[in-house]
Amino acid sequence: MKGLVNWEALQKLSFGPAYERMNSDPAKMWGQTAVMYNKMVQLEKEYTKSQVETFILEPEDTVLDIGCGPGRLAIPVAQKVARVTALDVAPQMLEVCEGNARLAGVDNLYTRLLNWDDAIIGDNLEQHDVVIASRSAGLHDLVKLNGAARKYVFVLSFAQSPSLKHARDSLFIGASEEVKPLPPMNRMLGYNLTFNILYDLGIDPSLKVVTDGFTGSYGSRLEAYDDLRVLCEFPPENEHIFRSNVDKWLLDNPDGSCTFRIETKTYIMWWEPKPLNV
Ligand SMILES: C[S@@+](CC[C@H](N)C(=O)[O-])C[C@H]1O[C@@H](n2cnc3c(N)ncnc32)[C@H](O)[C@@H]1O
């Protein structure tokens with residue numbers, strides 16, 4: 001059913017030119033970010049738990065994680081279900097994901113190198129009980145996601161609050177030439193679009209918004225600088241700019257240690273797949 005508003009067109013606008021750039025060669029673009037993204041995922045671990053707790057999972061389920069990255073969700077999900085297919089277009093991301101799975105003692109996660117755009121459900125990719133698309137290419141075709149799942153589809157992304165890139169960039173702005181100021185997220189072009197597209201397809205999605213963020217404990221400020229410095233290259237003469245950026249997110253503890261914390265929000269939207277009004 002076509003609704004009164006063309007939500008898909010608005011969603012395309014919301015992706016902007018960055019989306020076109022990413023899609024021209026996603027394997028290359030995302031492969032280059034694998035190490036940085038994985039480091040941010042380690043800082044996000046504590047906050048990721050509430051996202052995994054929101055998923056409706058049974059021990060016998062098979063799960064497909066589209067654009068799994070370093071396995072931020074795929075690995076904790078694998079600890080709760082029978083089998084996870086961790087699909088990604090970037091071999092470097094899958095390598096990191098496999099390493100993380102080994103470290104976590106997970107042996108029921110199977111990586112799959114595939115561009116989601118080339119996936120044909122029932123042909124080169126089977127249906128799974130639960131499908132997850134988090135901050136990924138999967139979010140751009142909700143009809144395809146609906147067809148990939150037997151029990152539930154979960155879509156997730158930042159809820160009109162700082163994204164992982166905003167958080168990372170806030171540490172290097174002014175220090176690295178590579179980091180340009182990003183416009184703040186626009187609430188008018190947020191998960192409301194995804195919700196309305198699903199609504200017009202005949203779905204009544206559920207929605208939860210949870211606190212997300214990046215945090216780490218360090219023995220000292222110097223230890224924090226050393227750990228976070230690896231997230232982006234910058235010339236040594238800009239060290240003072242980097243440190244003053246990091247200082248904004250550090251809290252000193254009475255015992256001399258300090259805590260790094262940047263908080264944001266993530267939405268989780270889910271539905272039971274069904275025939276659609278297309
Ligand atoms: C922002 S990361 C999200 C990682 C993970 N889902 C999470 O929530 O942390 C996006 C991931 O999607 C993958 N990706 C981008 N375009 C893709 C495509 N067309 N097909 C499959 N994976 C894709 C990237 O390689 C990257 O690992």
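**View 1. P76 and the residues it touches.** Setting aside neighbours within four places in sequence, P76 is in contact (heavy atoms within 4.5 Å) with V52 and G71. P76 is part of helix 3, residues 74-78; helices here are DSSP runs of H or I with at least four residues, strands are E runs of at least two, and both are numbered from the N terminus. P76 counts as partly exposed because its relative accessibility is 23%; buried means under 20% relative accessible area, exposed over 50%, and partly exposed in between (1.4 Å probe, protein chains only).

This is a predicted model, where local features need pLDDT of at least 70 and side-chain atom pairs count only at pLDDT 80 or more, while totals for chains, interfaces and linings use all residues. Residues are numbered from 1 along each chain as its sequence is written, and side-chain values use heavy atoms, with hydrogens and water left out.

**View 2. S163, in a loop.** Look for S163 between strand 5 (149-158) and helix 6 (164-169). With 12% relative accessibility, S163 counts as buried. Not counting residues up to four places away in sequence, S163 touches F158 and M185.

**View 3. F172 meets F242.** The structure holds 9 aromatic pairs (Phe, Tyr or six-membered Trp rings with centres within 6.5 Å; planes under 30 degrees apart are stacked, over 60 edge-to-face, the rest tilted). One of them is F172 with F242, stacked at 5.3 Å centre to centre with 15 degrees between the planes. F172 sits in the loop between helix 6 and helix 7 (191-200) and F242 in helix 9 (residues 239-247), so the pair ties together parts 70 residues apart in sequence. Both F172 and F242 are buried.
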